[in-house]
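Here is a short briefing to read alongside the model.

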Amino acid sequence: MADAIFTLDHVSFAYDEDAPLAVRDVTLSVPFGEFHAVLGRNGSGKSTMAKLMNGLYTPTEGTVTVCGMDTRDEKNTWEIRRRAGMVFQNPDNQLVATVVREDVAFGLENIGVPTEEMPGRIERALVDVGMMEYAERAPHLLSGGQKQRVAIAGVLAMEPEAIIFDESTAMLDPRGRREVLNAVKRLNRDKGITVIWITHFMEEAVEADRVHVMHDGQIVMSGMPREVFTQEEKLREYRLDAPVTARLARRLRKAGMPLPEGILTPEEMAEEVAKLC
Amino acid sequence: MLIRLDHVTHTYQPGSPFQATAIRDVTLEIRPGEFLALIGHTGCGKSTLAQHINGLLKPTEGRVLLDGKDIHEKGFSKKELRRAVGLVFQYPEHQLFEETVFKDVAFGPRNLGLAENEIKERVEEALERVGLTDPGIAEKSPFELSGGQMRRAAMAGVLAMRPEVLVLDEPAAGLDPQSREDMLQLISHLHSQGTTVVMISHSMDDVARFADRAVVMEKGAIAMEGAPEEIFRHGERLESMGLDVPSVCRIGMLLRGKGVACPEEMFREDQAYDALLALWKGGKAHGVQ
């Protein structure tokens, strides 16, 4: 598909020859500019899939392409990683320099960006994540959410087309989580950056364009958030839980309350209940 | 046993350029058998406070009293205090280090100088309580376990000391939904068996479900204190402090903002179910479509 940034075609992956498959026969295509959330319990294969999507791992079977480039072809590796950046879980493991600005510069030096181009790129990236005022600060004095935003700026400075977030909010407090997710939503909306958002917080997936649920290495559910989160039994089978509001809406409908299907957020719920009062 | 923090202030590195006061004039009683939640965003001092409860940190000012005795006074047995008050740090699995799960859980009891058969009994009991009962699991390396299992193994190490008070710093952080729920059920079960629980949590839904009492910290001081229903009645204030409110609490706030007479007593899912159904039935009675 020409308009897909990521394509996975019958992809399987095992960590070594005798190991069970961590990803099994996954076929997926992500169009440019979309926000896709990937959910699943620990060990479901979602992090492995993320690493297959920017060539950190290459498939045991099947093909992964990023912007049309096969991840197995080694000459594509650097270009793929530049175009599809990755942000990990632990903010403390991702920052390397003693000043925020230098940290963002780190990746640029690695890919040989001309020195005179660097300040502009760094500043644009820091502005995009709302961290420009911290450019001269020491990263270790920042909050978790701020550190993650600096890590995102480091990826953004490479001018990627997509960013893959591998549970990048798992270690943050609610305020940090909101900060990071809002920054990412903005990048997706305003800059058209494709986002792969791997998480086990259901609430973080309710505004995604598409949601994929992984279980035992396979994609077992795929659809718009409304389609996925209203299938409560199926989610429970995969040891996931619908967001509290979705569950409450379903129970109320069952009791006869005429709420429309697919309520996921407190805002939607309040809106609909108010109409009935 | 009754633990009381009496006007406790803690300043890190006093007198140095890095001097920072983490908690300021905190007075708090931890009542036997209660389930107390400590809430506040990162940096509010709640972890510093937690480490005063078992004497790991010493107050710069004020006192920590156990059944009326100052724990930092000469002659007070810190050893017994550390046994009686089990502290489970954030991401406790990072502290697993032994070759086998058994040895890791046995570490604390062994330090108490217990006999080998007593150690074995305690380890088995602790593993059973946290649900690590698969055959052979005790002889595995802790690093072969899944994330959720590692967390439970670390927890077993604390339970093997048979503490009367458990202080847990975000015990469910980073776990997937099912492991989270298992962990919370385990804590709730320990509480129902008589263990006093102090739990630091960012999840207001968890606080609403489990806590008898909640303390909200802001900038090193206690900002609010009370039963969850009292705390969550002040949803706007919590939000202004950068904290979440339970999702159903938020529904209530939004409805009241729209002029709907939604009760304030709504912070758990079951309460919301009843309240919203009642609102709809009331609306129907008044002929609203």
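This is a predicted model: local features need pLDDT of at least 70, side-chain atom pairs count only at pLDDT 80 or more; totals for chains, interfaces and linings use all residues.

Residues are numbered from 1 along each chain as its sequence is written, while chains are lettered from A and ligands numbered from 1 in the order in which they are written.

**Overall build of chain B**

- Chain B holds 11 helices and 10 strands; these are DSSP runs numbered from the N terminus, with H or I over at least four residues for helices and E over at least two for strands.
- Along the principal axes, the C-alpha atoms of chain B fill a box of roughly 75 × 55 × 35 Å.
- Of the 289 residues in chain B, 44% are buried. A residue is buried if 20 or more other C-beta atoms lie within 10 Å of its own, exposed if 12 or fewer, and partly exposed in between, with C-beta atoms placed from the backbone.
- Among contacts in chain B between residues at least 6 apart in sequence, 64% join residues at least 24 apart. Two residues are in contact if their C-beta atoms, placed from the backbone, lie within 7 Å.

**Where chain B meets chain A**

- Chain B gives 32 residues to the contact and chain A gives 30 residues.
- On the side of chain B that touches chain A, the elements giving two or more residues are helices H5 (147-159), H6 (177-192), H10 (247-257) and H11 (269-285) of chain B.
- H11(B) supplies the largest share of that side, eight residues.
- By type, the residues on the side of chain B that touches chain A are 14 nonpolar, 12 polar and six charged. Here Ala, Val, Leu, Ile, Met, Phe, Trp, Tyr, Cys and Pro count as nonpolar, Asp, Glu, Lys and Arg as charged, and the others, Gly among them, as polar.

**Two domains in chain B**

- Chain B is split into domain 1 (3-245) and domain 2 (246-289), with bounds that come from an automatic or database domain assignment.
- Taken over C-alpha atoms, the centres of domain 1 and domain 2 of chain B are 35 Å apart.
- Their contact takes 10 residues from domain 1 of chain B and nine residues from domain 2 of chain B.
- H7(B) gives the largest share of the side of domain 1 that touches domain 2 of chain B, four residues.

**Helix H4 of chain B**

- The buried residues of H4(B) are B:Ile119, B:Arg122, B:Val123, B:Ala126 and B:Leu127.
- These residues lie on the same side of H4(B), because they cover an arc of only 130° around the axis, the arc being that of the directions from the helix axis to the C-beta atoms.
- Exposed residues B:Asn117, B:Glu118 and B:Glu128 sit on the face of H4(B) turned away from its buried side.
- Helix H3 (101-111) and H5 of chain B are among what covers the buried residues of H4(B).

**Strand E7 of chain B**

- Five of the five residues of E7 (residues 165-169) of chain B are buried, so the strand is largely enclosed by the rest of the structure.
- B:Val165, B:Val167 and B:Asp169 point one way from E7(B), and B:Leu166 and B:Leu168 the other way.
- Four bridges join E7(B) to strand E6 (residues 85-88) of chain B, and the two run parallel; strands pair if DSSP finds at least two bridges between them.
- E7(B) also pairs with strand E8 (residues 196-200) of chain B in the parallel sense, over five bridges.
- B:Leu168 is the bridge partner of B:Val88 and stands opposite B:Met199 in E8(B).
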